[in-house]
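Here is a short report on a predicted model. Please look over the sequence and the structure first.

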Amino acid sequence: MSKDQNLINTFIPGDFVVYPSHGVGKIIGTEKRKIEETDLELLVIRFEHERMTLRVPLSKATESGLRTLSSKVQMDEAIITLKGKAKVKKTMWSRRAQEYETKINSGSLVSIAEVVRDLYRKDDQGEQSYSERQMYQAALERLASEFAAVDDTDKDSAVIKLEKIIYDSAEEAA
């Protein structure tokens, strides 16, 4: 069985997958295309929240970071991270923003949970800058998308559950 055939068996139409820079998408199927004398087998993924369809060559799927949804155990690890104490470095925002962006686009659930945890602000903790709020929302959306798919719920419910987890752990720490 070829490597591409193995990947077709891994990524089944109708399944949810995670593409690091776009989050959770649904596999629509595969298609063959000829591009400059090369026959390519493409995996077609639909990202509803971005209203986007992505075609990834099967031969590059794994090295591009495409992966199946996290398991319940991996999701639990992310929740434990979310409940942890925020670790905010005293470096300039531009440097932290770059690190947060890298973590969000890594596709790692635990790394995304770290960003959500570190950027979360209770109402009495003062204002966040516009870019901090944007970064927090991006990380929360990414985490909630996968949480919803793993938990078989909708994204809005996932956001509410995750924010409650963060809020409750922040209250316990205070």
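Which residues have the most contacts inside the largest nonpolar core?

## The largest core

They are Leu82, Val115, Val116, Met135, Tyr136, Leu143 and Leu162. The core itself counts 27 residues. Helices H2 (72-83), H3 (93-104), H4 (109-119), H5 and H6 (155-173) each give two or more residues to this core. H5 supplies the largest share, nine residues.

Take Leu82 as an example. Neighbours within four places in sequence aside, Leu82 contacts Ala113, Val116, Arg117, Leu143, Leu162, Ile165, Ile166 and Ser169.

Five strands make an open sheet, ordered S4-S3-S2-S1-S5. Their pairing is antiparallel. Strands S4 (52-57) and S5 (67-68) stand at the edges. Each has a single partner strand, so one side of each lacks a neighbour in the sheet.

S1 (residues 16-19) pairs with S2 (residues 23-35) over four bridges, in the antiparallel sense. Within this pair, Val17 stands opposite Gly25 of S2.

## Helix H5 against the sheet

H5 spans residues 130-151 and lies across S1, S2 and S5. The helix runs at about 90° to S2.

Ser145 is part of H5. Is this residue buried or exposed? Ser145 has a relative accessible area of 11%. The cut-off for buried is under 20%, so Ser145 counts as buried. Not counting residues up to four places away in sequence, Ser145 touches Val24 and Lys155.

Key: Residues numbered from 1 in each chain as written. Predicted model: local features only at pLDDT ≥ 70, side-chain atom pairs only at ≥ 80, totals over all residues. Heavy atoms only, no water. Pairing = 2+ DSSP bridges. Contact = heavy atoms within 4.5 Å. Axes fitted to C-alpha atoms, helices over the stretch in contact; angles between N-to-C directions. Buried < 20%, exposed > 50% of the residue type's maximum accessible area, 1.4 Å probe, protein only. Core = buried A, V, L, I, M, F, W, Y, C linked by side-chain atoms within 4.5 Å.
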